[in-house]
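Dear colleague,

Please find below the structure that I am handing over to you. My findings follow it.

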Amino acid sequence: GGGFTSVRLALDGSELDDTERIEMRVRADTRTYGLTFEDDSLAGRRAISHNADLDAAPPPDADGWSTITLRYDQLRPSVFGQPIDAEPFEPNKAREIGIIIGDGIDGKFALVVDWIDACR
């Protein structure tokens, strides 16, 4: 209910060292999904989420897969979904990656992730 869900993965802090972007291969419905990251940044006592929508995926291939490239400089900082003015995301201090849907639409959704790769 509520049109919101997310899945997150804790990072040990070295997975994104010296990388500039994320590439991922996905098969999705028409809803808008987002990719989120957390580093050591705080706004007060709250963790800052650095995020970007995945709606700019190129057209899918014949099997329905799209490969998305997302540069870290495309990420926007926020706290509880509200934009804030904060320092850029620091991949060398990453502690979490996540995928989110928060469009407020209650109901079924489908996003299949084949792979995610941190790239230089």
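Strands E3 and E8 pair in the antiparallel sense over 5 bridges, where strands are DSSP runs of E with at least two residues, numbered from the N terminus, and two strands pair if DSSP finds at least two bridges between them. Within this pairing, Thr 36 stands opposite Gly 98 of E8. E8 also pairs with E1, again in the antiparallel sense, over 6 bridges; here Leu 9 has Ile 97 in E8 as its bridge partner.

The model is predicted: local features need pLDDT of at least 70, side-chain atom pairs count only at pLDDT 80 or more, and totals for chains, interfaces and linings use all residues. Residues are numbered from 1 along each chain as its sequence is written, and side-chain values use heavy atoms, with hydrogens and water left out.

Turning to the pockets, a pocket is an open set of points on a 1 Å grid over the protein atoms alone, where a 1.4 Å probe fits, with protein on both sides within 12 Å along at least five of seven lines; lining residues have an atom within 4 Å of a point. The largest pocket is lined by 28 residues, and Thr 36, Asn 51, Ser 78, Gly 81 and Ile 100 lie nearest its centre. Strands giving two or more residues to this lining include E1 (5-10), E3 (34-43) and E8 (96-101). E4 provides the largest share, 6 residues.

Yours sincerely

How values were computed: Helix = DSSP H or I, 4+ residues; strand = E, 2+ residues; numbered from the N terminus.
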